[in-house]
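Try each task before reading its solution.

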Amino acid sequence: MENYIDELNEAQRAPVLQKDGAMMVIAGAGSGKTRVLTYRIAYLMSKGVDAFNILSLTFTNKAAREMKARIAQIVGNSEAKNLWMGTFHSVFAKILRFEADKLGYPSNFTIYDTQDSQRLVSAIIKEMQLDKDVYKYKQVYSRISSYKNSLITVKAYFNNPELQEADAMAKRPRLGEIYKAYVDRCFKAGAMDFDDLLLRTNELLTRFPEVLAKYQNRFRYILVDEYQDTNHSQYLIVKALSDKFQNICVVGDDAQSIYAFRGANINNILNFQRDYDDVQVYRLEQNYRSTKNIVEAANSVIDKNKTKLEKVVWTANEEGARIKINRLVTDAEEGRFVARSIFDNKMENQLNNGDFAILYRTNAQSRAIEDALRKRDIPYRIYGGLSFYQRKEIKDILAYLRLVVNPNDEEALKRIINFPARGIGATTMDKLALAANHYQKSIFEIIENITRIDLKINAGTRTKLTNFANMIKHFEVLTKTKNAFEITEQVARQTGLLLEMKKDGTPEGIARVENIEELLNGIKDFVEGQKEIADATGSLTEFLEDVALATDMDKAQEDEDRVALMTIHLAKGLEFPYVYIVGMEEDLFPSAMSMNTRAELEEERRLFYVALTRAEKQAFLTYTHSRYRWGKLIDAEPSRFIEEIDDKFKEYLFAQKDNYTYKSPIGRDIFGEVDKSKLRQTKPQKGTPPPSHRPTDSQLKKLRRLRPVSNTETQQSSSATKIPALEKGQRVSHARFGNGTIVGVEGIGQDKKAEIDFDSGGIKKLLLKFAKLDML
Ligand code: ATP
Ligand code: MG
């Protein structure tokens, strides 16, 4: 065993070496909180604590995997395997599977993701014939979600006149009824939503003392990372489980509490000392992540918050460069600046794509950045937003798989019963839904009994329904003998899904087929990986659980070198050498919706603190003069947070009075025009290998095929093609079809056409007077 204790400073060592009791580590960003948790687990095991008795709760499953890998290095893989580690949702979903029957759920219950939940809420609002402009389904869902996270059940809601009054005041007097219908429908479908995973765990632990005792004895040591962002429901679970042995270690930073909107409660930190006997509080002060400049800049910002615990954060790291701030005209230009700056930094400093992160306040901002990165062939990976598992074709096939495991899963059934089209229309579905309500059965059960119920559905349609049900049941039989990979392969073929996509020969269609292939690869990996886990079999149920609980962080292919794009919320706990924070504008960041109270503004400021403290070497901030928002071009003002950074720590990339054009070392101006004479000078000499960070062709190919498929991509702004400039071999970029190479040019003047071999597949002949091509 290596001497890992030496890799801790004195302040970090204290909580690691305190084996028993309740303790809390409160410390600023980058000071080693996560490292303390990791090493503490290794230490406990070295002192004879069985891995089975340790429960560690993290913010993402990725963080859990990384911690486990480090612990495995220290204590050995076979021991580390038995640790219980993961997000609250993934850990308690596993426990609920064992105990589901006690709560009246099947053990193969489905997990509804946010989109499933919102669709169901929306269907209920429609069925109740409520005004959808008053009862906005997203708002209603988030209201229900916040009730659940505060442990306000339907019954508790109807016993609480104040809550009912509040909803009535908000012009939604029937919210309680929607809540009730939603809970009933989920239950009937054998489904839990994300909030249920916590709510039902609480129910389990309070209603069944013997179950509580079992898990209290099992999890003798509990550790929680990012404790500042636990909500009430999570707090109660931790408290109940740790109540007997009180061996609990939580780490967090009040200055990084950014989930109040989802019910996270800063009081959990403040009350910790009251909840346990003899709480030891530890503080860490030394930041190991960032340069002095970044640490002090971040301190100067968070200082403006009134509500905070006093903390010191300092670093012995190098001084580092100042935070660079740039102003651009539009978001497209902002994207081009960031892409070019990354390109230049890579060239100058021999860096990898993975050394860069681009952070934004809202998902919608990624589009302009993505366009610019694509044009420069810089591989990137988007976390959140339209992640792999949210693409239509992937959700379709997953819906089939869910239905195979749990035929009562209503949202899955509705999604695919007529996809690919099999002549089961909306009217038939309405009749089935009515019957399901009437008989208190699931839609699938109604279909199974279709010949016995008079639903005024004609014989032809009845046959189609029966065929559908038989197909699903056939797959269900297969689950007994086949693993997740084998079943998915059959489902993709036999349902006609693959065929449907292959018929469509467009680049989007091809990308969809390739995404399905990628899914199959992923499942294969998963099945292989499960072989390492003690009681796992690689079954479809296991796979679906893994997918349902994968946070967006977890699911991206991690093996490739790509720039990371994500919202600031998702970046918590991570670190990157170079960080770009884009859209630093009033009303965007801080968000227009978060400026009504000081508390909201302070949360935005903490979010900015989180963003800045992700950077190890250098941070860039950009803002624009005007930006499209809600379809309108809006004048923008620089964010107050830029102002709040002490002047000592920042510099502007433009002369503040003039218009500034940034000239890059390889001679491109801000609009990306290339000064070819300069470019030639930087070309590698004959015989020298290309720089190692250039993506390989196969990486590029993969990037293109995993590019999100979207129908809205067509409105990209690109200048009209300069007709005479085109020649064979020229690389071009098309807004919709992506990049490609010209393989032929024919015709003259207005009729001039170019034949282009697109990387995403397929040769197309485009009439140049209409086609919008960018030269690469
Ligand atoms: P955050 O608040 O952002 O979650 P954190 O407090 O959890 O940050 P860590 O991620 O644990 O901080 O550590 C930040 C970085 O500093 C990591 O790269 C970690 O490996 C490194 N680090 C932590 N402690 C030490 C140490 N004693 N010596 C060297 N490097 C360290
Ligand atoms: Mg951390």
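**Exercise 1.** Leaving aside its neighbours within four places in sequence, which residues is T34 in contact with?

*Solution.* Keep in mind that this is a predicted model. Start by locating T34, which sits in helix α2. Then set aside the neighbours within four places in sequence; T34 is in contact with D225 and G573.

**Exercise 2.** Decide whether G30 and T34 are buried, partly exposed or exposed.

*Solution.* First recall the cut-off: 20 or more other C-beta atoms within 10 Å make a residue buried, 12 or fewer make it exposed, and anything in between is partly exposed. G30 has 25 C-beta neighbours inside 10 Å, so it counts as buried. T34 has 19, so it counts as partly exposed. Beyond four places in sequence, its contacts are N287, Y288, R289, S290 and T613. Finally, check the record: the UniProt "binding site" annotation, from an unreviewed entry, covers residues including G30 and T34.

**Exercise 3.** Describe the shell around ligand 1.

*Solution.* Begin with the count: 18 residues surround ligand 1, and the closest are G32, K33, T34, R35 and Y288. Sort the shell by class to find 4 nonpolar, 8 polar and 6 charged residues. Then ask which helix gives the most to this shell. That is α2 (residues 33-46), with 3 residues.

**Exercise 4.** Find the residues that touch the most other members of the largest nonpolar core.

*Solution.* This core has 124 residues, and the ones to pick out are V25, I41, F92, I222, I397 and L401. Apart from it lies another core of 62 residues, among them A357 and F620.

Conventions
Residues are numbered from 1 along each chain as its sequence is written. Chains are lettered from A and ligands numbered from 1 in the order in which they are written. This is a predicted model: local features need pLDDT of at least 70, side-chain atom pairs count only at pLDDT 80 or more; totals for chains, interfaces and linings use all residues. A residue is near a molecule or strand if its C-beta atom, placed from the backbone, lies within 6 Å of it. Helices (H or I, at least four residues) and strands (E, at least two) are DSSP runs, numbered from the N terminus. Ala, Val, Leu, Ile, Met, Phe, Trp, Tyr, Cys and Pro count as nonpolar, Asp, Glu, Lys and Arg as charged, and the others, Gly among them, as polar. A nonpolar core is a set of buried Ala, Val, Leu, Ile, Met, Phe, Trp, Tyr and Cys residues joined through C-beta atoms within 7 Å. UniProt positions are given in the numbering used here, feature names are shortened, and annotations may be inferred rather than shown by experiment. Two residues are in contact if their C-beta atoms, placed from the backbone, lie within 7 Å.
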